[in-house]
Amino acid sequence: MAAFPLATAEVCDANSHLITNGELRALHPSFQIYGRRQVFSGPIVTLKVFEDNVLVREFLEEKGNGRVLVVDGGGSMRCAILGGNPVQQAQNNGWAGIIINGCIRDVDEINGCDIGVRALASHPMKANKKGIGEKHVPVNVAGTRIYDGEWLYADMDGILVSRASKLHVAFDTSTSPR
């Protein structure tokens, strides 16, 4: 399980230079929070699909090793591309989190899993099963270009993407009491 002890807001405050040069990016705040793990981070694996969840399921059947699956589902609100069974499998396989630019279903089941899930909304209709999509390609999600191998950091305040696996916050100790 990947741990991220710093708040995303603190990271942004302390790293304005990384934001300015594009090395640290915040996703637009368009996601709902699901799953029991509200804070998570890890290296990103990207996937681009549209109203089809075969490749999503295939990825989550693999060992996660603390990674985060970022799925560009085209922002579709017509069906769910992630459900409870694959999320349980992702939890059991050691994935840290899943970001879905689209919809999920089986919300009660997902909320019982110890994994972080972010999605635009929930929808009761299931996805197609054609296996069409692109793995390990750059994706555009919530106003941000995301690349396979970058790092994702999520908490209750939002989602950050960075090329760096470790982000630091420098605290000003000059005004702290001794």
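**Exercises on a helix pair**

Helices α3 and α4 cross in a left-handed way (the near helix is turned anticlockwise from the far one by less than a right angle). This is a predicted model, with local features needing pLDDT of at least 70 and side-chain atom pairs 80 or more, while totals for chains, interfaces and linings use all residues. Residues are numbered from 1 along each chain as its sequence is written, and side-chain values use heavy atoms, leaving out hydrogens and water.

**Exercise 1.** Work out how the axes of α3 and α4 are arranged.

*Solution.* 
- Start with the helices (DSSP runs of H or I, at least four residues): α3 holds residues 54-61 and α4 holds residues 84-92.
- Next, take their axes (lines fitted to C-alpha atoms over the stretch in contact, with angles from 0 to 180 degrees between N-to-C directions): they come within 8 Å and cross at roughly 25°.
- So α3 and α4 are roughly parallel to each other (an angle under 35 degrees).

**Exercise 2.** Find which residues make the contact between α3 and α4.

*Solution.* 
- From α3, pick R57, L60 and E61.
- Their partners in α4 are N85, P86, Q89 and A90, with contact taken as heavy atoms within 4.5 Å.

**Exercise 3.** Locate the annotated "binding site".

*Solution.* 
- The unreviewed UniProt entry places this annotation on G83, G84, N85, P86 and R105; such annotations may be inferred.
- These residues spread over 23 residues of sequence, yet they cluster in space, with a largest C-alpha distance of 10.9 Å.

Note on methods:
Helices (H or I, at least four residues) and strands (E, at least two) are DSSP runs, numbered from the N terminus. Angles under 35 degrees count as roughly parallel, over 145 as roughly antiparallel, 65 to 115 as roughly perpendicular and the rest as oblique.
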